[in-house]
Amino acid sequence: MNIRKAKSAGYCFGVNKAVNTAYEASENSNEKVYTLGPLIHNVHVTNELKKKGVSIIDDLDDIDEGTVIIRSHGVGKEIYEKIKKKNLKLIDATCPYVKSIQNKVEKYHNKGYTIIIVGDSDHPEVKGVNGWCENKAKVIFTKEEAQNFKTDENVCVVAQTTIIEALFDDITNIIKDNCANVVIFNTICNATSVRQEEASLIASEVEAMVVVGDTHSSNTKKLVEISKSKCDNVFFVETASDLDDAIKKYNNIGLTAGASTPTQLIEEVINTMDNNMVDSFEKNIEESIKEIREGDIVEGEIVMVDHNEVTMNIGYKSDGIVKKADFLYDLMEDLTSKAAKGDKVKVMVMKMNDGTGNVSLSKIKVDELGALDEAKEKFDSKETVKAKITKVVKGGLIVDLGFIKAFMPASYYDVRFIKDFDSLLGKEIECRIVEFDKQKNKIIVSRKILLEEAYKERKAKEKELKEAAIAALEIGKEVEAPIKNITNFGMFIDLNGVDGFIHISDIAWKRVGNINDLYKVGDNVKAIVTELDKDNYKVKLSVKDLTKEPWQEFIENYSVGQTVKATIKNTTNFGAFAEIIPDVEGLIHISQLSHDRVNNVEDAVKTGDEVNVKIIDINKDKRKVSLSIKETMDPPKRKIERNKLYHKEDSNVTLGDIFGDLLKSE
Ligand code: F3S
């Protein structure tokens with residue numbers, strides 16, 4: 001037999017307070033103590049109080065002295081006046097919620113409002129509330145009564161604390177339609193609605209429902225009514241002795257109790273069902289019920305969740321309760337969004353009886369134990385864990401590993417000195433558990449160790465790459481690599497981790513003034529290895545050696561007498577320099593620029609001109625080339641000075657005398 005007891009079963013806050021007050025008064029008062037009417041609707045409690053000297057009176061006229069306890073239902077204003085007038089001592093155990101209704105009623109009555117109390121006119125609470133508006137309130141208990149009430153006056157509506165909310169809503173809707181100006185206070189006590197809702201929920205999920213309480217208690221009767229609307233098999237009992245054998249046939253039973261039902265009575269009913277009502281079949285089932293002890297970890301199923309606690313079926317005769325603080329780390333979170341009916345959850349048994357007959361459970365304890373085991377595993381395996389920095393404390397940081405908190409000493413954060421730890425708050429990092437002591441619940445983590453290892457790993461990898469790179473190099477090998485750095489005297493290229501150096505003089509055959517005019521960092525450069533020291537990872541390279549030296553190429557391919565195209569690169573007073581092939585220039589002396597006399601070099605050629613030149617001399621020792629434009633051209637023909645010839649005609653001078661060699665054939 002599985003008994004699901006409602007958490008809200010039994011004394012509400014107001015009744016609990018009144019009963020405790022009465023017991024205290026019975027022990028502390030030297031004179032007679034009376035309650036004005038039964039303290040609660042439960043004869044078992046009132047009989048016990050009677051034995052302790054707390055008697056019930058129905059009218060103040062019945063006594064002339066002693067202490068009067070006003071019960072949780074409260075009384076009208078005139079009763080307070082009468083107690084005062086009779087010089088009796090007063091202990092006011094009116095429930096604070098009821099007191100609040102009385103205050104509202106008095107206030108609106110004084111403002112001239114018609115007071116409507118939605119409730120049972122015979123109920124002591126309603127009578128008492130009415131006593132705060134000179135007993136002029138209209139008490140409405142049915143929708144028909146509400147339909148019949150119409151007024152143009154201002155109306156203030158309050159509720160008996162224990163009526164069903166749906167009825168109150170229906171009645172107030174009718175009043176709103178029928179009356180001009182209505183102020184409505186839903187004064188139904190939360191304890192009542194919570195108890196009723198829980199009863200409704202449990203009743204809808206069980207085979208049979210037991211309601212424990214006094215048969216005269218209106219709130220208990222309402223629980224019976226609600227239970228019957230959800231469950232076909234409702235048993236209304238005052239005590240365990242009222243339990244019917246018919247209940248034996250049900251395995252899944254719910255239980256609730258009215259606000260005036262003492263815990264002791266509820267437990268007696270549960271125990272009786274547990275011990276005496278089960279038949280052999282049920283006993284077998286009982287045997288299968290888990291034996292649990294405090295400290296056990298059990299898996300249970302969530303059967304109900306509200307904002308404050310989770311109710312679980314843990315296979316034990318009583319339900320287990322996990323308070324919010326035992327379920328969630330972050331109390332700002334909403335419990336109902338973190339737990340759902342049907343969820344299977346592992347919990348630790350904290351107390352076999354939490355005072356209300358339920359087992360007190362903790363999920364957090366299980367999480368913490370699991371977290372410690374997980375932390376131990378991660379410690380053993382040296383696994384990297386993710387953490388969030390949550391707090392800066394003296395000497396370090398508190399980090400949240402997601403499953404547990406740990407400490408990181410300040411020096412374990414970085415390889416560098418960190419000045420401002422506060423700026424790290426909220427940061428997510430990776431670290432390793434470097435110290436673990438389950439007994440002391442001590443977990444130390446380090447981020448620095450990961451940084452150091454990563455650095456070492458990077459260095460080892462670099463070394464490996466470097467070794468492979470240097471092994472692959474040979475003198476004379478042609479490579480292509482990006483420029484890492486440029487200096488005044490050369491540049492460094494990255495040969496897969498090995499620095500290769502190219503001196504400025506090895507960049508080109510001609511003189512290089514500024515390397516930056518030719519290259520920039522990142523450019524890929526082709527070069528040839530010229531020097532290699534594998535042991536010390538030293539490599540020298542040359543770009544210029546990729547090509548033949550221009551002079552060498554020149555003398556191999558050009559000779560004196562050859563006419564070639566050249567480009568004027570520069571002019572001087574004495575001639576012009578013309579480039580024959582890249583980086584090989586020859587001088588065209590001013591006298592070689594033309595057959596005509598040239599006074600100014602620039603009159604004959606200009607920088608950039610492309611000209612035909614004849615190589616007229618190559619001085620291999622001095623690496624000098626002489627060129628001539630003049631010799632690529634025919635010499636100009638001289639003009640014959642006819643007049644001169646004419647005057648000489650008569651002379652004996654021949655043409656040969658005049659032109660001499662010019663007339664000789666070559
Ligand atoms: Fe008070 Fe609510 Fe109980 S009004 S007496 S706490 S049911």
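1. Phe554 is buried, with a relative accessible area of 0%, and Trp551 is likewise buried at 9%, where buried means under 20% relative accessible area with a 1.4 Å probe and protein chains only. The model is predicted, so local features need pLDDT of at least 70 and side-chain atom pairs count only at pLDDT 80 or more, while totals for chains, interfaces and linings use all residues. Residues are numbered from 1 along each chain as its sequence is written, and side-chain values use heavy atoms, with hydrogens and water left out.

2. Rings of Phe, Tyr and Trp (its six-membered ring) pair if their centres lie within 6.5 Å, with planes under 30 degrees apart counted as stacked, over 60 as edge-to-face and the rest as tilted; the count by this rule is 12 aromatic pairs. The pair of Trp551 and Phe554 is tilted, because the ring centres are 5.6 Å apart and the planes stand at 35°. These two residues are three apart in helix α16 (residues 550-557), which means that about one helical turn separates them; helices here are DSSP runs (H or I, at least four residues), numbered from the N terminus.

3. Tyr108, Tyr113 and Phe185 make up one aromatic cluster, and Lys111 lies over the face of Tyr108, 4.6 Å from the ring centre. A charge sits over a ring if NZ of Lys or CZ of Arg is within 6 Å of the ring centre and within 35 degrees of the ring normal; the charged end of Arg447 sits over the ring of Tyr413, 4.2 Å from its centre.

Methods:
Buried means under 20% relative accessible area, exposed over 50%, partly exposed in between (1.4 Å probe, protein chains only).
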